[in-house]
Each structure stands twice: as structure tokens, then as C-alpha cells.
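Student: Could you walk me through how to read a few features here, one by one?
Tutor: Gladly; let us look together.

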Amino acid sequence: MKRLPILRVLVSAAVACATLLVAAAQPALACTGIRLIAGDGAVVHARTLEFAIDLQSELVMVPRGYSRTGATPDGAPGLKWVSKYASVGMNGVGLPVLFDGLNEKGLAAGIFYFPTSAGYMPYATADADSTLAPWELVSWMLENFASVAEVRADIAAVTVPAVVFGPWGFAPEVHYIVHDASGASLVIEYVDGALKLHDAPLGVMTNSPAYDWHMANLRNYVNFSVNNAPPVQVGPVTLRPFGQGSGMLGLPGDFTPPSRFVRAVAFSQSVPPSATGDEAVIEAFHILNQFDIPKGAAREREKDAHGNVVADYTIWTSAADLKALRYYFRTYDNSAIRVADLMAMDLDAKDPVRISIAGPEVIQSVTP
């Protein structure tokens, strides 16, 4: 593991901001998140991360005692805090903040893209001391809170406005899901300038529209069943299903956020309960196989300014065991599941520790 000195963190962050903006100019991330609860009480938060270009994510461990200052729309210093809890998860393009991760108390959180739907809070200079940029909220939650209840109690105290990244002139549009070791889940959205909180009893998350719309949309699929459909008598003709899976005939199979939300509910709720957290992690990866987007399958009609096809693909998939405090992941280039054990790391390290997730697929020969 390689430590990231403070000066290097700051330089990397500056470069990363510009790179992130290039990415944000691309079409929406098609991220999908689920939650599983095992028989031994383990809670697993799992998700995919899609984007049109490689975000150069790294695995990052943020130690206790790490000082932060939030960003504001006018460049004034924002909310200041010192991390109370250590956390581990994925960043993007060198930023010293987590896009997805868990902390030492079993709280997990993730950013999901929210295009055309996000409407951040208004900002005034007097709000600077309580202000965070949208991409900083996950780190703030993981470094300060131990449960969903604590997040719910304090989230209204922070101001999350549309912080613009330099010359690009816009703020990334995102919303969030938070889970804890008790199985509680909370969706956090900023819509029409106001904070919106939604309990998430099914633990599922995708993108736009707003979360309450997705939950209402599930009513369009009340006829779906995990069981095969029975034969239907049509006059003198008996119509029988062709084979397995007829109970979910018509399940939407495209990559749009509403369709992925419906499928994520169907698959996460139909899977038999796992006995242990280890089994639930593997089950989560199997479920998320259904949401893996290969390059080119979800693309814009127009090419970018350089003539390149703009297409989302699944950069990485992760699963966080909130009981064992382990963070698992695989990448587009390497489908092997790798793991970081948070409690085996130096939680009081001086600086964040980052670990490369780059590398090719390793194909094992079994030829005698």
C-alpha cells in the first residue's frame, strides 16, 4: 500500500477536478445499487459504477483525524471537519474523496448520477461555514456518522449548493444512498432547491427521475412473480409457458434508470437469503452481472468533439460488507473479485492511503 503525501493529494485533487469535468460532460452514469441482508445479520451494499470514460478510480483508505475543508460556489472555505471514523472505498481521478465506500462503524454510502433532476440548495456567503460540494457529501457522512439515524439527524445542517468546477461552468448532478449495519437505508436528494429524504426499504438505487417516482413506478409491475406463470385457458386452447422464468415475462431489460430500478428490485428481492455475509457478497456480484454494460451498448447519437463514440460502460462493481467491514470490487478489465479489509489497515495513518485497481484480466490455465 502506498501513502499519499498531503502535497501530492492537493496537486492530484486540482488535476482531478479538471479531469472529472471532462467526464461529467459525457452522458449520465448508469449506476445501479442494491442491498442484501444475510441470515447472520450481515448487510451488503453493492453497486455498479458506469461512465463514458475511465475515471481512473483507486481504492482509498481515509484515516481518522484527517482534516477537510469543503468547497463553495464563490471559492470561500467551506465546512471544516476532522474525520472521526476511518473509511475505505473508491475515488475518481485522484480526488481525495470517496464516491462510494464504508466506514469502521458499518455505515456505507454512494453517489449516483441524477441528471436533469438535481436542484441543489441556494447559497449565500453567510452559508460558507456549513457548505459542501455535492461530490464531498459521501466523505462527510462516512467520516462523521455511525448510522443512518445519525445522518438523518444532521444532514439538514449542511448546505449543498451547485458548486461549479472552474471553466466548465456546471456542477455534477448527483443523489445518494446510505445504508448501515442494522439494515436501514436512506436516499438523499436535492430537488428544486430543497433537501429530500426517503426511507429506502428495498435498498435499491439507480438514477433519474427522483426516488419517489421509481417507487411509484413499481406499481406498474404488480403482476410479476418469482414463480412461473400457470397455464391459461383461452377458449378450447391451453396456453402453457415455454419454460422457466415466465413469472417475470416482460421485465424491462434495457439500460434506462427506470428499467434498471425495476430489475434491481426483482432480482434483489427474489434471491434466496444468504446464510452469511460472505455468501451475500458473492450473490450481490451475481445479481449485478445483470447490470453490467459492455462498451458500446449504451451510447449517445452524436460523437464527441474529437470524433469518439460516447458510451457508458461498467468501470467497476463493488460490494461492501457492513458487518465484516470489508470492501470488495472488480473492474471492467479484471473480473476477479478483490477485497480490502478496513480493520486490517492503519486507521490512524497520517495521510490517506490509496491502492491501484488497474490491471488486466488474469486467465488461469487448467490444461494438464
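**Reading the features**

Tutor: Pro241 is partly exposed, with a relative accessible area of 32%. Buried means under 20% relative accessible area, exposed over 50%, and partly exposed in between (1.4 Å probe, protein chains only). This is a predicted model, where local features need pLDDT of at least 70 and side-chain atom pairs count only at pLDDT 80 or more, while totals for chains, interfaces and linings use all residues. Residues are numbered from 1 along each chain as its sequence is written, and side-chain values use heavy atoms, with hydrogens and water left out.

Student: Where is Pro241 found, and what does Pro241 touch?

Tutor: Contact means heavy atoms within 4.5 Å. Pro241 sits in the loop between β14 and α5, and touches Ala229 and Ser246, not counting residues up to four places away in sequence. Pro231 is 10 residues from Pro241 in sequence, and their C-alpha atoms are 6.8 Å apart. Helices (H or I, at least four residues) and strands (E, at least two) are DSSP runs, numbered from the N terminus.

Student: Which residues form the nonpolar patch on the surface?

Tutor: Like charges are joined within 9 Å, nonpolar side chains (Val, Leu, Ile, Met, Phe, Trp, Tyr) within 5 Å. Accessible areas come from the Shrake-Rupley method with a 1.4 Å probe; for residues, only the protein chains shown count as cover. Here the nonpolar patch consists of Val232, Val234, Val237 and Leu239, with about 320 Å² of accessible area together. The elements giving two or more residues to this patch are β13 (232–234) and β14 (237–239). Val234, in strand β13, counts as partly exposed because its relative accessibility is 45%.

Student: Is α5 mostly covered or mostly open, and what do its buried residues pack against?

Tutor: An α-helix has 3.6 residues a turn, so residues three or four places apart point the same way. Helix α5 is mostly covered, with 10 of its 14 residues buried. Those buried residues, including Phe261 and Phe267, pack against β2 (33–37), α4 (211–217) and α6 (277–288).

Student: Is Ser117 buried or exposed?

Tutor: Ser117 is buried, at 19% relative accessible area, and lies in the loop between β9 (108–113) and α2 (137–144). Leaving aside neighbours within four places in sequence, the contacts of Ser117 include Glu173, Tyr190 and Pro209.

Conventions: Patches are made of residues with over 30% relative accessible area and no salt bridge: like charges are joined within 9 Å, nonpolar side chains (Val, Leu, Ile, Met, Phe, Trp, Tyr) within 5 Å. A salt bridge is a side-chain nitrogen of Lys or Arg within 4 Å of a carboxyl oxygen of Asp or Glu.
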